[in-house]
Amino acid sequence: MSIWWSLQLRREAASVPLARRLLLGTMETAGVDPDICYDLSVALSEACANAVEHGGDAATDDYRVTAFIDGDTCRIEVTDSGPGFSRPQPPAPVPTPIQAPADAEDGRGLFLIEALTDHVRYRNRTGRRGAVVSFDKILKWREGAALPMAS
């Protein structure tokens, strides 16, 4: 069995916990291990916060979050309409960790996403303005979880 959902959200701070709660509710209902749920919810929160802060101008007031649970993998993708990444991103699967200076108050989001997930891809949207951040994590299941038994 697979689960997927997609949200188009306004670029407002209030959208971040909405996306996080939907992801957590989906994973908890499916029976995903709580530690994995936590890691993915933090990674999603960081990706959404980046989309809210950097994902557009006054003419672009939304961004998209899509989540897929398929088998033992969860993939999350956050797409915005901002300026995109200013420097070329390395091709997957060899991402270069993006680290902020130790005393920086901003700039740790992509580093956290990389630390909490198994595979991260950054790219600019093809033929349009915007960035796409997608990440995968191998899932672990609680004892008696519903989703693995439905397969």
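Helix axes here are lines fitted to C-alpha atoms over the stretch in contact, with angles running from 0 to 180 degrees between N-to-C directions. Keep that in mind for the second view; the model throughout is a predicted one.

**View 1. The whole chain, as a starting point.** Four helices and five strands make up the secondary structure here. Read from the N terminus, the order is β-α-α-β-β-α-β-β-α. Of the 151 residues in the chain, 42% are buried. Take the contacts between residues at least 6 apart in sequence: 66% of those join residues at least 24 apart.

**View 2. Helix α1 against helix α2.** Here α1 covers residues 15-30 and α2 covers residues 34-54, and their axes come within 9 Å and cross at roughly 155°. Angles over 145 degrees count as roughly antiparallel, so that is how α1 runs relative to α2. The crossing itself is right-handed. On the α1 side, look for Ser15, Val16, Ala19, Arg20, Leu23, Leu24, Met27 and Glu28. They meet Cys37, Leu40, Ser41, Leu44, Ser45, Cys48, Ala49 and Val52 of α2. Sorted by type, the residues of this contact come out as eleven nonpolar, three polar and two charged. As for the spacing, an α-helix has 3.6 residues a turn, so residues three or four places apart point the same way.

**View 3. Zooming in on Leu23.** This residue sits in helix α1. How buried is Leu23? Skipping its neighbours within four places in sequence, Leu23 is in contact with Trp5, Leu40, Ser41, Leu44, Ala67 and Ile76. Take Ile76 from that list: it is 53 residues away from Leu23 in sequence, yet their C-alpha atoms are 9.5 Å apart.

View 4. Leaving aside neighbours within four places in sequence, Leu40 is in contact with Leu23, Met27, Cys74, Ile76, Thr117, Phe135, Lys137 and Leu139.

**View 5. The buried side of α3.** Which residues of α3 are buried? They are Gly109, Leu110, Ile113, Glu114 and Leu116. These buried residues pack against α2, β4 and β5.

Notes. Residues are numbered from 1 along each chain as its sequence is written. This is a predicted model: local features need pLDDT of at least 70, side-chain atom pairs count only at pLDDT 80 or more; totals for chains, interfaces and linings use all residues. Side-chain values use heavy atoms; hydrogens and water are left out. Helices (H or I, at least four residues) and strands (E, at least two) are DSSP runs, numbered from the N terminus. Angles under 35 degrees count as roughly parallel, over 145 as roughly antiparallel, 65 to 115 as roughly perpendicular and the rest as oblique. A crossing is left-handed if the near helix is turned anticlockwise from the far one by less than a right angle, and right-handed if clockwise. Contact means heavy atoms within 4.5 Å. Ala, Val, Leu, Ile, Met, Phe, Trp, Tyr, Cys and Pro count as nonpolar, Asp, Glu, Lys and Arg as charged, and the others, Gly among them, as polar. Buried means under 20% relative accessible area, exposed over 50%, partly exposed in between (1.4 Å probe, protein chains only).
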